[in-house]
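This note is intended for a colleague who is meeting the structure for the first time. Please read the numbered points alongside the model.

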Amino acid sequence: LDWQKLKDQEGIRAFIEQQALDALQDFLAHDLEREHGGVLAGRPYYDPTLQRYFVVIHAAIPAQETHGSSTHLQLTPAAWNFISGILEQEHPGLVIVGWYHSHPGLGVFMSGTDRDTQRAFFHHPWSLAVVVDPLSHQAGWFSGPECQALKRRQVFTCATPTQALAAAVEYSREEAQFSQRE
């Protein structure tokens, strides 16, 4: 990572494991007729020196048994039960740090309903939302209850869990050193 280029950025940083990003994209591309989605599992961190959140995403858990259309997605109780089971069995110690869903052929944005969902269920400043248009192969990242759009340089993909966490820690240290020099 080029720390010098990143030092003046504001806002949250997201570090996602490559396998989680691949799983997210594969799941959203499996059916292009309607919206699909799921949750992001990982850990949020806060650096008090930089007054900045860092989120490390280790898994993208798909929501099974949802109701949806080309412009609507509803996670059913069965979908939440599935997600809870996967989180507990396969990812103990991780928490839900956000959600993801598709907008097939509609572009990448947070609709009014998406924003309401974010505020109601993903209201922490570190909560993330990822919207993917699998037809145009575009993705957008948003954070917090106000759904602030993240810039591409605020999202980092890492090969392994160790690299994801190490990158977040290293980024925090490097940026703290830049702040102290100024």
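1. Two strands count as paired if DSSP finds at least two bridges between them. Helices (H or I, at least four residues) and strands (E, at least two) are DSSP runs, numbered from the N terminus. By these terms, strand 2 (residues 37–47) and strand 6 (residues 95–102) pair in the antiparallel sense over six bridges. Within this pairing, glycine 38 has tyrosine 100 of strand 6 as its bridge partner.

2. The model is predicted: local features need pLDDT of at least 70, side-chain atom pairs count only at pLDDT 80 or more, and totals for chains, interfaces and linings use all residues. Residues are numbered from 1 along each chain as its sequence is written, and side-chain values use heavy atoms, with hydrogens and water left out.

3. Eight strands form an open sheet with mixed pairing, in the order 9-8-7-6-2-3-1-10. Strand 9 (148–149) and strand 10 (155–158) are the edge strands, each pairing on one side only.

4. Strand 6 also pairs with strand 7, in the parallel sense and over five bridges. The chain passes from strand 6 through helix 4 to strand 7 in a right-handed β-α-β crossover (with the strands pointing away from the viewer, the path from the first strand over the helix to the second runs clockwise). Serine 102 stands opposite valine 132 in strand 7.

5. Strand 6 is mostly covered, with six of its eight residues buried (under 20% relative accessible area, where exposed is over 50% and partly exposed lies in between; 1.4 Å probe, protein chains only).
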